[in-house]
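Please look over the protein shown here, with attention to its charged side-chain pairs and its surface. A short report follows the display.

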Amino acid sequence: LISSYYTINNYFEILPNAAANSGPVNDSTGYKQVGDYIKSLDDQSPRIMTRRESISFYANGITIYTPGQHFTKKEIYDYLKLWDVDYIIANRDNIGDTEGMMFLMRDEKLPEWVVPIKVFGQGSERIIIYRFLGDELSLV
């Protein structure tokens, strides 16, 4: 058992970092940067919609899990409002192919109830932090 541990441990030590060429954006370092940035905003226990608990951990916040696919903007708004979300993390990992939420990753007109506040990285590797405003004037 002990020799198996050392063999496996040595095996993982020699493996290259799978995200080595993509920079720190979508690895644990990138999520720490995102969490630290949210923490710097001085919100007490921010509620963060993400699939990565590490972001909430570094932000001293609470994880609100990203919902599944095929939601309308109205349903997403209702979900954010119901869970009292403060921040939305949008990246390929978090949004994935969730068509109903792809508007957060595309360069298109955003609803009035979300505002981008920080972008880490670029292209398909970027992570965008949005502030959820909860403005009930724009539900479309």
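The report goes from the overall fold to the salt bridges and then to a surface patch.

This is a predicted model, in which local features need pLDDT of at least 70 and side-chain atom pairs count only at pLDDT 80 or more, while totals for chains, interfaces and linings use all residues. Residues are numbered from 1 along each chain as its sequence is written, and side-chain values use heavy atoms, with hydrogens and water left out.

The protein has five helices and five strands, where helices (H or I, at least four residues) and strands (E, at least two) are DSSP runs numbered from the N terminus. Along the sequence their order is α-α-β-α-β-α-β-α-β-β. Of the 140 residues, 37% are buried, meaning under 20% relative accessible area, with exposed over 50% and partly exposed in between (1.4 Å probe, protein chains only).

Three salt bridges are counted, each a side-chain nitrogen of Lys or Arg within 4 Å of a carboxyl oxygen of Asp or Glu.

| Pair | N to O distance |
|---|---|
| Lys 32 and Asp 36 | 2.8 Å |
| Arg 131 and Asp 43 | 3.0 Å |
| Lys 74 and Asp 78 | 2.9 Å |

Arg 131 in strand β5 and Asp 43 in the loop between α2 and β1 are 88 residues apart, so this pair links distant parts of the chain. Lys 32 and Asp 36 lie four residues apart in helix α2 (residues 28-40), about one turn, and Lys 74 and Asp 78 are likewise four residues apart in helix α4 (residues 73-82).

Leu 41, Val 115, Ile 117 and Leu 133 form a nonpolar surface patch with about 270 Å² of accessible area together; patches take residues with over 30% relative accessible area and no salt bridge, joining like charges within 9 Å and nonpolar side chains (Val, Leu, Ile, Met, Phe, Trp, Tyr) within 5 Å, and areas come from the Shrake-Rupley method with a 1.4 Å probe, where for residues only the protein chains shown count as cover. Leu 133, in the segment after β5 (127-132), is partly exposed at 48% relative accessibility.
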